[in-house]
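Biologist: I'm new to this one, could you walk me through it?
Modeller: Gladly, let's look at it together.

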Amino acid sequence: MSSNPQLRRAVRPWGSFSWGYSDVGADIFIGLGLVLAYAAGASNFAFLFAGLVYVCIGLAYTELAAAYPVAGGGQYFVLRGLGDIFGFLAGWAVLLDFTIDITLFAWASVDYLSQLAPPLVSSLHPWTHFWFVLGFIVILCLLNVVGVRESTVFQGSVSAIDVISETLILCFGFLFAFSPSLLVHTMHVSWPSTFALMQGTSLAIISFVGLESISQAAQETQRPASVIPRTSLVLILTILIYAIGYSNLALGFQSWHPLHDAHGHAIAFWQLFPGNGDNQGKGVALLSAQIPYYGMLAQFYVPVLGAILLLISSNSGVFGASRIAYSMSTSKLLPSVFQSVHRRFRTPAFSILTFCGLAVVVLIFAALPQLDHGAQAVYQRLFHGEDGVTFLGDLYAFGAATSYSFVFIALVALRLYDPMTPRKFKIPFNIPIRVRGERVEFPIIGVIGFIGIFSILIFTLITHDIGRVAGPGWLIVGVGLYLVYRLNKGLPLLRSRPHDWRTAQTQILRDAGELELMDEYHANLRASDERKAQASA
Amino acid sequence: MIAFRLFVYVLYVVLGMIILVRTAAFGLRFETLTGFILGGLLMLLGIYRLVLFARMRSASR
């Protein structure tokens with residue numbers, strides 16, 4: 001066994017795509033119902049706005065993951081571009097996201113199963129629903145401690161079936177059930193208030209969360225600088241199409257079977273979601289069941305497919321949290337206990353148990369209003385009665401918007417201060433400028449993306465009562481722990497400790513097998529050093 | 001498998017065209033904007049994947 005164990009680079013283009021897809025692709029299964037509930041007739045615009053921001057984020061991750069193919073993801077990019085304290089903040093926000101991811105996706109997985117098994121319906125049988133979600137989290141925790149991960153073949157197969165299913169739903173939906181005139185009518189009649197639109201837009205971003213998986217896959221991908229940009233662009237386009245496609249379809253959808261509310265009045269499809277927490281968690285299952293012809297088959301297998309995909313995504317939260325904590329610990333941003341591995345299973349058991357434990361705490365907080373009437377009254381008074389899935393969505397959106405904001409700033413910083421690293425993929429639309437004697441390219445898309453994601457962060461803080469308190473609270477607690485840790489270790493509190501990024505980058509490119517890029521990097525460094533020497537002479 | 005993949009890529013292009021045509025019937029207005037974008041994106045994805053596929057086939061020969 002090697003004294004310096006490395007991840008094996010065995011992931012090929014389809015593996016890289018399915019890795020990202022099984023994480024990001026599951027998001028629309030939750031996002032659709034939530035956004036329809038709040039943004040109503042403007043849901044397609046909420047998805048379009050969040051989707052455009054997501055394209056910018058995706059391009060940023062693609063450039064950074066191809067240039068720095070390491071598993072740390074956003075946290076590593078920010079550490080490298082902005083220093084230790086901001087690297088910690090970005091990583092801590094990602095950890096919040098992964099922790100919420102565990103609970104939210106396990107919760108939605110049970111919601112999808114409830115489509116076929118009514119005893120799992122959250123509002124009717126809250127305790128059964130709670131025990132099932134808790135059971136899923138505990139099982140995922142144990143599987144990760146023991147070291148069992150779903151195989152790449154299984155993940156790839158589920159992704160392939162899902163891509164085919166979602167495409168067929170779009171095809172049959174747009175061919176047989178979509179009415180453009182109904183879409184126009186719905187948008188006219190049911191356009192939401194500005195507050196609700198902001199709320200819907202902030203929730204729409206959760207349909208695009210999971211880009212960390214692109215960079216996580218980078219460390220195990222063969223020739224990442226070539227493969228990552230290609231698969232990422234397809235992934236970004238595919239996810240964007242599903243989000244805009246489903247929201248347009250839902251607003252202009254003529255149901256195969258008439259739909260009625262609790263009082264027997266006929267309603268449009270999208271009206272199934274406002275004020276109905278049970279339906280919000282299983283939007284795609286409800287849509288697929290109403291699709292003409294294909295719905296006869298889809299109503300039985302889409303809930304199961306959705307539940308599996310969501311469970312894989314929940315598992316990626318368990319796995320991702322432990323990996324990010326490990327990466328942060330090696331960068332001296334978290335205590336070394338997060339690097340410790342189980343003696344027998346060789347897995348980061350402490351990290352896994354910590355974040356699964358936090359996920360259970362979050363679950364209790366989310367489920368409490370349904371489980372206890374007294375708690376429901378308190379939530380009603382303090383948080384305007386947000387239900388469990390919306391509460392989880394709030395925090396998920398907050399964590400994602402915070403970490404992505406830092407990633408955009410890091411993208412700009414790395415363009416300005418690390419122009420020597422070869423970028424096989426570069427975001428288009430740049431302004432050439434000179435910084436410290438070096439010619440660099442300032443990324444306009446990076447600035448646009450930052451404005452977009454920062455506005456979503458503001459929307460989240462304005463419109464979500466729980467997200468406004470719990471999100472910043474998580475960051476404040478994290479900064480406190482960080483300062484105590486750094487103080488105990490005698491490390492700089494707000495400044496960064498010294499890093500040898502040149503050696504680190506050479507090692508990264510060598511490990512990635514990108515030897516041509518490594519040579520190009522060394523040539524760039526030599527040329528830069530010569531220019532500086534000439535200038536000083 | 002190759003035939004199936006090609007079928008899916010062509011399906012993207014055809015579906016994109018259908019959505020564009022149906023949306024265009026309502027003219028260019030605020031409510032049809034997302035329809036035009038969706039149709040365009042579907043066609044773009046289909047064509048992009050077909051081009052990638054053609055490049056890989058020609059490179060392997």
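**Where the chains meet**

Modeller: This is a predicted model, and in it 19 residues of chain A are in contact with 19 residues of chain B.

Biologist: Which helices of chain A supply at least two residues each to the side that touches chain B?
Modeller: Those are helix 3, helix 7 (152-177), helix 8 (180-189) and helix 11 (224-251) of chain A, and helix 11 of chain A gives the most, with eight residues.

Biologist: And how do the residues on that side of chain A divide by class?
Modeller: On the side of chain A that touches chain B there are 14 nonpolar and five polar residues, and no charged ones.

Biologist: Back to helix 3 of chain A, how does its axis cross that of helix 9 of chain A?
Modeller: The axes of helix 3 (residues 43-67) and helix 9 (residues 194-204) of chain A come within 8 Å and cross at roughly 50 degrees, and the two helices are therefore oblique to each other. The crossing of helix 3 and helix 9 of chain A is right-handed.

Biologist: Which residues meet there?
Modeller: From helix 3 of chain A, S43(A), A46(A), F47(A), F49(A) and A50(A) meet L197(A), G200(A), T201(A) and A204(A) of helix 9 of chain A; by class, this contact has six nonpolar, three polar and no charged residues.

Biologist: New topic: in what sense do strand 1 and strand 2 of chain A pair?
Modeller: Strand 1 (residues 430-435) and strand 2 (residues 438-443) of chain A pair in the antiparallel sense over six bridges, with I433(A) opposite V440(A) in strand 2 of chain A.

Conventions:
Residues are numbered from 1 along each chain as its sequence is written. Chains are lettered from A and ligands numbered from 1 in the order in which they are written. This is a predicted model: local features need pLDDT of at least 70, side-chain atom pairs count only at pLDDT 80 or more; totals for chains, interfaces and linings use all residues. Axes are lines fitted to C-alpha atoms, for helices over the stretch in contact, and angles run from 0 to 180 degrees between N-to-C directions. Helices (H or I, at least four residues) and strands (E, at least two) are DSSP runs, numbered from the N terminus. Angles under 35 degrees count as roughly parallel, over 145 as roughly antiparallel, 65 to 115 as roughly perpendicular and the rest as oblique. A crossing is left-handed if the near helix is turned anticlockwise from the far one by less than a right angle, and right-handed if clockwise. Two residues are in contact if their C-beta atoms, placed from the backbone, lie within 7 Å. Ala, Val, Leu, Ile, Met, Phe, Trp, Tyr, Cys and Pro count as nonpolar, Asp, Glu, Lys and Arg as charged, and the others, Gly among them, as polar. Two strands pair if DSSP finds at least two bridges between them.
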